[in-house]
Amino acid sequence: MTLQSSSPRPPVAVATCDLPTLRQSVLDLFCEAAYKEGEFTLSSGQTSRYYINGKLVTLHPWGGLACGRLLLAQVPAEAVAVAGLTLGADPLVTATSVVGTYEGRSLAALIVRKEAKGHGTQAYIEGPVLPSGSPVVVLEDVVTTGQSALKAVDRLRDAGYAVNHIISLVDRHQGAADLYYQEGLGFQAIFSITEIQSRWAALQRAGEG
């Protein structure tokens, strides 16, 4: 039996269950809602035999809360904010900050614009202004080459923040980890694309049985 991605009813107690159980439920949600196989053209112009849309998980009725819990568990204790490049990181940053409040952690949520605001302060970063040198962790839903999250890192550093770590929900293993290593950034992903593909194939076989 597979998850019904359109249903708001979670398969587990999302707010209170243990993290390994929660992680398995999110993995199944990725397979059911976000992962597709076929012939696809990516935003980079490259073709791919699969496509994964992280927003179908992070904007899901219970997926956002679940992802917030999983990501919060990986955010270093010294961090005072989580941030990410709009649009993919927006729900992650918000969910992780809110979950942090419920668990006694104070994490500001920062959204990094792709282009400077066209009016007012013309800022690249939306959210509370933090002291210079504040440690900030960058979040991303799916990383491929790693350029989007790296752009967020650059904007945040230009604003005076200390950014040394990136956390992604999914790593597609197409160069992001190597790029971050070269830039001296710590990196971890909750799921690898190979794990998602393996679980997706298992669910397909189970559905055909």
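Six strands of the predicted model form an open sheet of mixed pairing, ordered E5-E4-E3-E6-E7-E8; strands are DSSP runs (E) of at least two residues, helices are DSSP runs (H or I) of at least four, and both are numbered from the N terminus. Two strands are taken to pair if DSSP finds at least two bridges between them. Strand E5 (125–126) and strand E8 (186–192) are the edge strands, each pairing on one side only. Strand E4 (residues 108–112) runs antiparallel to E5 and is joined to E5 by two bridges; valine 112 has isoleucine 125 in E5 as its bridge partner. Helix H5 (residues 147–158) packs on this sheet, where it touches strand E3 (81–85), E4, E5, strand E6 (135–143) and strand E7 (162–171). Contact denotes heavy atoms within 4.5 Å. The direction of H5 makes about 160 degrees with that of E6, with axes fitted as lines to C-alpha atoms, for helices over the stretch in contact, and angles running from 0 to 180 degrees between N-to-C directions.

The model is a prediction, in which local features require pLDDT of at least 70 and side-chain atom pairs count only at pLDDT 80 or more, whereas totals for chains, interfaces and linings use all residues. Residues are numbered from 1 along each chain as its sequence is written, and side-chain values use heavy atoms, with hydrogens and water left out.

Helix H1 (residues 19–34) packs against helix H3 (residues 63–72) at an angle of about 130 degrees, the axes being 10 Å apart. The two helices, H1 and H3, are therefore oblique to each other (under 35 degrees counts as roughly parallel, over 145 as roughly antiparallel, 65 to 115 as roughly perpendicular, and the rest as oblique). The contact involves Leu19, Leu22, Arg23, Val26 and Leu29 of H1 together with Gly63, Ala66, Cys67, Arg69 and Leu70 of H3.

Glycine 54 lies in the loop between strand E2 (47–52) and helix H2 (55–58). With 3% relative accessibility, glycine 54 counts as buried (buried is under 20% relative accessible area, exposed over 50%, partly exposed in between, for a 1.4 Å probe and protein chains only). Residues up to four places away in sequence aside, glycine 54 touches Phe30, Asp141 and Val142. The C-alpha atoms of glycine 54 and aspartate 141 are separated by 5.6 Å, although these residues are 87 residues apart along the chain.

Proline 128 occupies the loop between E5 and E6 and, at 43% relative accessibility, counts as partly exposed.
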